[in-house]
Structures are given as C-alpha cells and as structure tokens.
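Here's a quick tour of one protein model, with an eye on its aromatic rings. Have the structure open while you read.

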Amino acid sequence: KQVVEKAKEMTASRARKCEYGEAGKYISMKGADGKNPDVSINRDAVKKDLMFAGYNLLVTSEIKMKEQDMYDTYRCLWCIEESFRIMKSDLDARPVFLQKEECIKGHFLICYIAVLLERLFQFKVLENRYLATVIFEFIKGFKPTKTDARYINTTKYTDFIDALSGILNLPLTNYYLTQRQVKGIQDYKL
C-alpha cells in the first residue's frame, strides 16, 4: 500500500519515470517523449499486487519440512540479518578504529554479546512485543541527570518506557528519582 501511495503522490507532482523507483510499476505514462506526459495510476497492476499482498513465497529444497517450520526458519534468518544491522547502526560496530587483532576481536565480541543480551531481553522478557530499534532507542536515551539532592529523569517519554516500567516494576517514568531509585534501576537483575 505504501508503494501505491508513493506512486499517487509522484503522479500528482508530475515526476519523471526514473524518479518513481519501485512505485514506477504502478504508473502509466503516455506521450513520455513530450515535456508534459500524461501520467496515471495503472489500476490493473495495483489490483494484481493487492491480490497477493500479505503472502510469502518461499522456495526450498526441503520436502519433508512442515510449512510452519519453513516459515520459522526463514524468520530466524531475517532475525540474523537484523542483528547485523543492529550492530552496524545501533551499536556503531563499524568502522573499527582499532589496530591490534585482539582488540578488534574484543570489540566485536562485546557487540555480539550486546546483541545477544538485547535479543534475550526482547524475546524472553518482552515476549517479542517490541522491535529491537525501540529497545536500543530506550537504552541510548535513558538519562537521569544528577542535581544537588536528587536526579531528574530527562528521558523522552514513550509508550515503550511506560510499558517497560510496568513490566519490570521500575520507576522509569518518574520525573524525579532518588539516588536509591537510580541505583535500583542500575542494579536490576532479571
């Protein structure tokens, strides 16, 4: 649906065919040689793709595997690919500014362990209800700032933080935090 919406927007703006990208398959251009081609949505192409929207086609050599097992295996492959993306984007694993082999290996070991811990937390504690990017956004953004007598929680409020506060029974949504509360958050064990 998003690609179709993009095609509609691009059609309204009279974009050139090369600017449509993937949405180009949903448009028809007549008189494209001229300066003002007639651009319209190809309703047949949209209808055909919407018929199959939501279906996955998996090709495999496994003939004795159950359908659900095939799907679960494919989904696990996707999770592996996402883990590498997490290391690159959320953990800034690359570029590596280290020179010694043992330092480089240590750097990547720490990244792998961080992803493993995040995945365990995501699947076991949060029952896969939240995306990894949302979890890392919280980890990077949780900022209690120390004042004279207490801490001020300058973390941007999200529905995830509210839910996590309830799941873990921690004061993550409190604006003011005591030293004891901050220590309790830091020392929390699952």
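This is a predicted model: local features need pLDDT of at least 70, side-chain atom pairs count only at pLDDT 80 or more; totals for chains, interfaces and linings use all residues.

## Ground rules

A residue is called buried when its relative accessible area is under 20%, exposed when over 50%, and partly exposed in between (1.4 Å probe, protein chains only).

Residues are numbered from 1 along each chain as its sequence is written, and side-chain values use heavy atoms, with hydrogens and water left out.

## The overall layout

The protein chain has seven helices and five strands; helices here are DSSP runs of H or I with at least four residues, strands are runs of E with at least two, and both are numbered from the N terminus. Read from the N terminus, the order is α-β-β-α-α-α-α-β-β-α-β-α.

Of its 190 residues, 26% are buried. The chain exposes about 14600 Å², with 55% of that supplied by carbon and sulfur atoms (Shrake-Rupley method, 1.4 Å probe; for residues, only the protein chains shown count as cover). Take the contacts, meaning heavy atoms within 4.5 Å, between residues at least 6 apart in sequence: 37% of them join residues at least 24 apart.

How many aromatic pairs does a search of the whole structure find? The search turns up four, where rings of Phe, Tyr and Trp (its six-membered ring) pair if their centres lie within 6.5 Å, and planes under 30 degrees apart count as stacked, over 60 as edge-to-face and the rest as tilted. One of them is Tyr-130 with Phe-160: the planes sit at 70 degrees with the centres 4.9 Å apart, so this pair is edge-to-face. It bridges distant parts of the chain, with Tyr-130 in the loop between helix 4 (101-125) and helix 5 (132-141) and Phe-160 in helix 6 (residues 159-168).

Phe-138 and Phe-142 make a tilted pair, 5.5 Å centre to centre with 45 degrees between the planes. Phe-138 is buried at 15% relative accessibility. Ring pairs tie Tyr-130, Phe-138, Phe-142 and Phe-160 into one cluster.

## Around Tyr-130

Tyr-130 is partly exposed, at 21% relative accessible area. Setting aside neighbours within four places in sequence, Tyr-130 touches Gln-122, Ile-135, Phe-160 and Ala-163.

## A charge over a ring

Arg-150 has its charged end over the ring of Tyr-176, 3.8 Å from the centre. The test asks for NZ of Lys or CZ of Arg within 6 Å of the ring centre and within 35 degrees of the ring normal.
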